Amino acid sequence: MTVSSAPGKVYLFGEHAVVYGEPAVPCAIEQRATVTVEARDDDHVRVQASDLSLDGFTVEYTGSTADRPDVDVPAPLVEAAMGYIDAAVEQARDAADAPDAGFDITVESDIPLGAGLGSSAAVTVAGIDAATRELGHRLPTGEIANRAYRAEAEVQEGQASRADTFCSAVGGAVRVEGDDCRSIDAPDLPIVIGFDGGAGDTGELVAGVRALKERYDFADDTVATIGNIVRNGERLLDPDADVEADDRIAELGRLMDFNHGLLESLGVSSRSLDSMVWAAREAGAHGAKLTGAGGGGCIVALDPTPETLTALRFTPGCEEAFRAELATDGVRRVA
Ligand code: PMV
């Protein structure tokens, strides 16, 4: 039996624009997906998944990944989760040159599905690592990130950047621009997350932004401006930046506010995301923005005080609010 875990992430800056070659800065958080893999002596794959959300629902089924599990979860979310597990299994079989390997797989995750916290990347990264190790191979982290990216891109029909999978594999804060992925130093940030209990359809939201960009020059400019915000954010994150700690957080927050406004103008926010963002700002957060594809899911705010957390818990449309620690480890070999 082999067990690996991998972290989820928030985007401090740059989602959507990263799809068009602008830089993005995601940051891994200590909300993890844990994948347990046991080799079988036939070529079947059985998957048991539980706690695929914070509290919202529990998925429990056992069956071939081709079967539709009978669970009380929106079908597209379950299908998506199964797709990532299938793709991870294929990558592991390929990496270990064992095309007929079969597995019993258990997925446990405290990252809500499809909510902008990188649940699919975390499951894919941990799944590839655990399944290849179960077959007697240890892949370097860079290769896990690459294979997880290929798996995600396949499931998302090409609509994926390397940001989520790289961040989940290596941990910490990272900078991704096209194929150029690297770790960056970041200060400890007082991250607060609000979750509306929902999810967005990444493929649809990415396609929506693409259509706007094709139709309007100013949407194209908006994407470029997000890139500009990311470059400003990166300079502030640099530990050698000539800025006081309090000013740094305040300025990072201001840039997050800008970034959210531009994402909103690109049509990827929602009423509940906006009301959580405003609740955070009114509670005194330094800044707040949606994270990930949008449409529903999570916001990320910066606030060292308890105010934002409290305000979010009383905000209609916010189902969960919690603090997130930066995850310095990426994929972790648990057993
Ligand atoms: O919502 P998530 O965690 O799947 O993030 C999507 C981020 C996008 O930039 C919209 C797409 C991508 O693959 O980078």
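These questions and answers go through a predicted model of a protein and ask why its parts are described as they are.

Q: What makes this a protein of two domains, and where do they run?
A: The protein is divided into domain 1, residues 2-185, and domain 2, residues 191-324. These bounds come from an automatic or database domain assignment. The C-alpha centres of domain 1 and domain 2 lie 23 Å apart.

Q: How do you know which residues belong to the contact between domain 1 and domain 2?
A: Contact means heavy atoms within 4.5 Å. On that basis the contact takes 33 residues from domain 1 and 43 residues from domain 2.

Q: What is the area that domain 1 and domain 2 bury between them?
A: The size of an interface is often given as the accessible area lost when the parts come together. For domain 1 and domain 2 this is about 3,000 Å², with 68% of it on carbon and sulfur atoms. On the side of domain 1, the residues that lose the most area to domain 2 are Phe 13, His 16 and Tyr 20, which together account for 26% of what that side buries.

Q: Why is the pair Glu 22 and Arg 231 called a salt bridge?
A: A salt bridge needs a side-chain nitrogen of Lys or Arg within 4 Å of a carboxyl oxygen of Asp or Glu.

Q: What else joins domain 1 and domain 2, and which elements of domain 1 take part?
A: Twelve residue pairs are in polar contact across the interface of domain 1 and domain 2. On the side of domain 1 that touches domain 2, the elements giving two or more residues are β1 (2-13), β2 (25-40) and β5 (173-177). By class, that side of domain 1 has 19 nonpolar, eight polar and six charged residues.

Q: Is His 16 buried or exposed, and how do you know?
A: Buried means under 20% relative accessible area. His 16 has 5%, so His 16 is buried. His 16 lies in the loop between β1 and β2, and has a positive phi of about 70° although it is not a glycine.

Q: Is Asp 97 buried or exposed, and how do you know?
A: Exposed means over 50% relative accessible area. Asp 97 is at 67%, so Asp 97 counts as exposed. Asp 97 is found in the loop between α1 (75-95) and β4 (102-109). Asp 97 has a positive phi of about 50°, although it is not a glycine.

Q: Where is Pro 190, and is it buried or exposed?
A: Pro 190 lies in the loop between β6 (180-184) and β7 (191-195). The relative accessible area of Pro 190 is 15%, which is under 20%, so Pro 190 is buried. Leaving out residues up to four places away in sequence, Pro 190 touches Ile 249, Ala 301, Leu 302, Asp 303, Pro 304 and Arg 323.

Q: What makes Arg 147 and Asp 94 a link between parts apart in sequence?
A: The closest N and O atoms of Arg 147 and Asp 94 are 2.9 Å apart, and the two form a salt bridge. Arg 147 lies in helix α3 (residues 141-155) and Asp 94 in helix α1, so the pair ties together parts that are 53 residues apart in sequence. Arg 147 is buried, with a relative accessible area of 8%.

Q: Which parts does the salt bridge of Arg 162 and Asp 179 tie together?
A: The closest N and O atoms of Arg 162 and Asp 179 are 3.0 Å apart. Arg 162 lies in the loop between α3 and α4 (163-170) and Asp 179 in the loop between β5 and β6, so the pair ties together parts 17 residues apart in sequence. Arg 162 is buried at 17%, whereas Asp 179 is exposed at 64%.

Q: Why does Glu 177 count as partly exposed?
A: Glu 177 is at 28% relative accessibility, so Glu 177 counts as partly exposed. Glu 177 forms a salt bridge with Arg 175, with the closest N and O atoms 2.7 Å apart. Arg 175, at 12%, counts as buried.

How values were computed:
Residues numbered from 1 in each chain as written. Predicted model: local features only at pLDDT ≥ 70, side-chain atom pairs only at ≥ 80, totals over all residues. Heavy atoms only, no water. Buried area = accessible area lost by both parts, 1.4 Å probe. Polar contact = N/O pair within 3.5 Å; in protein donor to acceptor, adjacent residues only side chain to side chain. Helix = DSSP H or I, 4+ residues; strand = E, 2+ residues; numbered from the N terminus. Nonpolar A, V, L, I, M, F, W, Y, C, P; charged D, E, K, R; others polar. Buried < 20%, exposed > 50% of the residue type's maximum accessible area, 1.4 Å probe, protein only.
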